[in-house]
Amino acid sequence: MTDPITDPEERILLVDDNPLNLQVLMETLQSRQSRLLVAKNGETALTISRKTHPDLILLDIMMPGMDGYEVIRRLKAEEKTADIPVIFLSALDQTGDKVRGLELGAVDYITKPFQAEEVQARVDTHLTIHRLRREVQEQKDQLEHELETVSKVQRNLLPKKLPAMEGLQLAAHYETSRYAGGDYYDVVKIDADKIGVMVADAEGHSTPAAVLMAMTCALFRSQKHLWDDPGGMLKTLNRHLCKVAEPSFVTGLYMTVDIARRRVRVARAGHPPPMLYRAADGEATEARVPGVMVLGFDDFGDVPVTAIDLAPGDLVLAYTDGLTERFSLNDAIYGEERLLTVLQQHAADTPERLCEAVMADLSRFAEGRPADDDQAFVAFKLV
């Protein structure tokens, strides 16, 4: 028989009220070079399990006082010991007894009298499973830590504070479907009466999308001379992203808001057009803004720029498609029409209150279903 792969730190707890059975088990497992712990009753078994957290427990069912069934109930009821695998030991050979033990959380069942090779094989199997499960959990914990770090770095790239501009109310919301995502928004002050608003969405989720988002952010902020040129900004971003984004891409929407002239100039590349609420007629619609294909896929020519004149009370909402493509428990999609309805119902509120209303409605719609995509949006209103 091949020698088992053992971990010198492995701990196996043997629980049996019969000293002879304990001796047989210890002799059977001594070749493993694992640390063998012994308990002669249920109370002692629980105490040792809480203190040492063994990697495996071989547990006799028929013991005076607290039997094996009660021991495993208590083990599984405590968070600290719930994940310890338990193999039942018993002279009972009825199917009902085995099923009861497995329903309580046992991973296996060995019938007395013991066969040494069977005991060794089952112990090897379940210790290997337990070891692999622990390694997977450790890798998962490490990955989650790395993703948390990426998420913190990513959020540091977003505006710390939105610019305060006389005559303009401004708000934004950002939420990832995981620790890190590909959505990005930025608001820059061009001059005393003008701001630039960027909303972008890197393809995919998690770390790769976050890296592409960071590249987009760095490129946008490095092109300060183009902040007042929506078409030129997207054209330049595309030229640079074509060198690094393949096979991914980025959708983008860039607007300049001239508060003094009450005018918005919009350019977009593969991104949803902004939504516009007109206070004069009390209606929210999707703005008609022609665009070009996504950024980072291929070179394109000049990007069309659409000018939209605004009046006091008008409100503009720019968003990523993770908002409108959010799914409910029954796989219904949130959609543009529902977002337009919320915009129209809350257009009299501040942009900040509008953002809160959108997220509240989205939460009601999703009914607890987690988001499949990141969500970012920026809203502003002339006052």
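The turns below test labels on this predicted model against their definitions.

Tutor: Residues are numbered from 1 along each chain. Local features need pLDDT of at least 70, side-chain atom pairs count only at pLDDT 80 or more, totals for chains, interfaces and linings use all residues, and side-chain values use heavy atoms, without hydrogens and water.

Student: Why is the pair of arginine 74 and glutamate 70 called a salt bridge?

Tutor: The term requires a side-chain nitrogen of Lys or Arg within 4 Å of a carboxyl oxygen of Asp or Glu. Here N to O is 3.0 Å, so the pair qualifies.

Student: What makes about one helical turn the separation of arginine 74 and glutamate 70?

Tutor: They are four residues apart in helix α3, residues 68-77. Helices are DSSP runs of H or I, at least four residues; strands are runs of E, at least two.

Student: How do you know whether arginine 74 is buried, partly exposed or exposed?

Tutor: Buried means under 20% relative accessible area, exposed over 50%, partly exposed in between (1.4 Å probe, protein chains only). Arginine 74 has 34%, so it is partly exposed. Glutamate 70, at 25%, is partly exposed too.

Student: Lysine 194 and aspartate 258 also form a salt bridge. What does that pair tie together?

Tutor: Lysine 194 lies in strand β8 (194-202) and aspartate 258 in strand β9 (250-258), so the pair ties together parts 64 residues apart in sequence.

Student: Why is lysine 194 called buried?

Tutor: Its relative accessible area is 15%, so it falls under the buried cut-off. Aspartate 258 counts as buried at 12%.
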